[in-house]
Amino acid sequence: RLSPQTQTHINEAGCIAANDLQQGAARTGKAPSAAYWNLCGAVFAYLYAGLAEQGIDVLGASQLVGYPTQFPSVTLLQWPSGAPNARYRVLQLLHESFGPGDRMVKAALQSPDVYAAAYLSAQGERRILLINKRAAPVELVVSNAKGAREQHVDVDSADSQPEAQILTSDTVHLGGFSVMVIRLTQANISR
């Protein structure tokens, strides 16, 4: 209120497994499961949307490379190979889908399993962020989604860059702990 040009940056956001607090040379460094990485990606997306709603300008992820004895459950890259994990892919999806000048608009979704946030980009494009809060898959209907472009990160797709697909109906399938961005076209909005 007193300094409207001041921006807020929250950093070091992420998940950490309880046993990562037992650091030491005796640790074997077994990597967490794919579902764990997707859960952490979904948590980050949920933080992103919730903090954006509160007016937070920047959210930084922790940490690029974690490895045995250095909090391996927090890493964005798999330490044995250097390949991105689902946490990285969700961060990538958010970075490529939302940015400065975007504003949140009201989203009407009545689901205890899925979080939804709607955005109007600086260029006027309408985008919807969907986050499955559960480990089980879920389907929901998104009005006028047929023909829209979607990208998602889930357990099956986390090892590759989120590829754009065209939705063939208004019914959207979200895998467990999936994060999805739907980009509505003018044709979707007009129908």
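This is a short tour of the model, one selection at a time.

**Before you start.** The model is predicted, so to speak of local features a pLDDT of at least 70 is needed, side-chain atom pairs count only at pLDDT 80 or more, and totals for chains, interfaces and linings use all residues. Residues are numbered from 1 along each chain as its sequence is written, and side-chain values use heavy atoms, with hydrogens and water left out.

**Stop 1: the whole chain.** Colour the chain by secondary structure and you will find 3 helices and 10 strands. Here helices (H or I, at least four residues) and strands (E, at least two) are DSSP runs, numbered from the N terminus. Read from the N terminus, the order is β-α-β-α-β-β-β-β-β-β-β-β-α. The C-alpha trace spans about 60 × 45 × 30 Å along its principal axes. Of the 191 residues, 40% count as buried; buried means under 20% relative accessible area, exposed over 50%, and partly exposed in between (1.4 Å probe, protein chains only).

**Stop 2: the largest core.** Next, select Leu-94, Leu-129, Ile-131 and Val-179, the residues with the most contacts inside the largest nonpolar core, which has 28 residues. Two or more residues each come from helix H1 (34–53), helix H2 (86–97), strand E4 (114–120), strand E5 (126–132) and strand E10 (179–184). H1 gives the most, with 8 residues. A nonpolar core is a set of buried Ala, Val, Leu, Ile, Met, Phe, Trp, Tyr and Cys residues joined through side-chain atoms within 4.5 Å.

Now centre on Ile-131. Leaving aside neighbours within four places in sequence, Ile-131 is in contact (heavy atoms within 4.5 Å) with Ala-42, Ala-45, Tyr-46, Asp-113, Val-114, Tyr-115, Ser-178 and Val-179.

**Stop 3: helix H2.** Select residues 86–97. The buried residues of H2 include Arg-87, Arg-89, Leu-93 and Leu-94. The buried residues of H2 pack against strand E1 (9–13), H1, strand E2 (58–61), E5, strand E7 (149–153) and E10. At the start of H2, show the side chain of Asn-85: one of its oxygens reaches to within 2.9 Å of the backbone nitrogen of Arg-87.

**Stop 4: the salt bridges.** The whole structure holds 4 salt bridges, each a side-chain nitrogen of Lys or Arg within 4 Å of a carboxyl oxygen of Asp or Glu.

- Show Arg-127 and Asp-102, whose side chains meet in a salt bridge (3.8 Å, N to O). Arg-127 is in strand E5 and Asp-102 is in the loop between H2 and strand E3 (103–105), 25 residues apart. Arg-127 is buried at 9% relative accessible area, while Asp-102 is partly exposed at 21%.
- Show Glu-125 and Arg-183, with their closest N and O atoms 3.1 Å apart. This pair links the loop between E4 and E5 to strand E10, 58 residues apart. Salt bridges that share partners join Asp-102, Glu-125, Arg-127 and Arg-183 into one network.
- Show Asp-113 and Arg-134, where the closest N and O atoms are 3.0 Å apart. Asp-113 is in the loop between E3 and E4, and Arg-134 in the loop between E5 and strand E6 (138–141).

**Last look.** Zoom out again to the whole chain. Among contacts between residues at least 6 apart in sequence, 64% join residues at least 24 apart.

Technical notes
A polar contact is a pair of N or O atoms within 3.5 Å; within protein, one must be able to donate a hydrogen and the other to accept it, and residues adjacent in sequence count only if both atoms are side-chain atoms.
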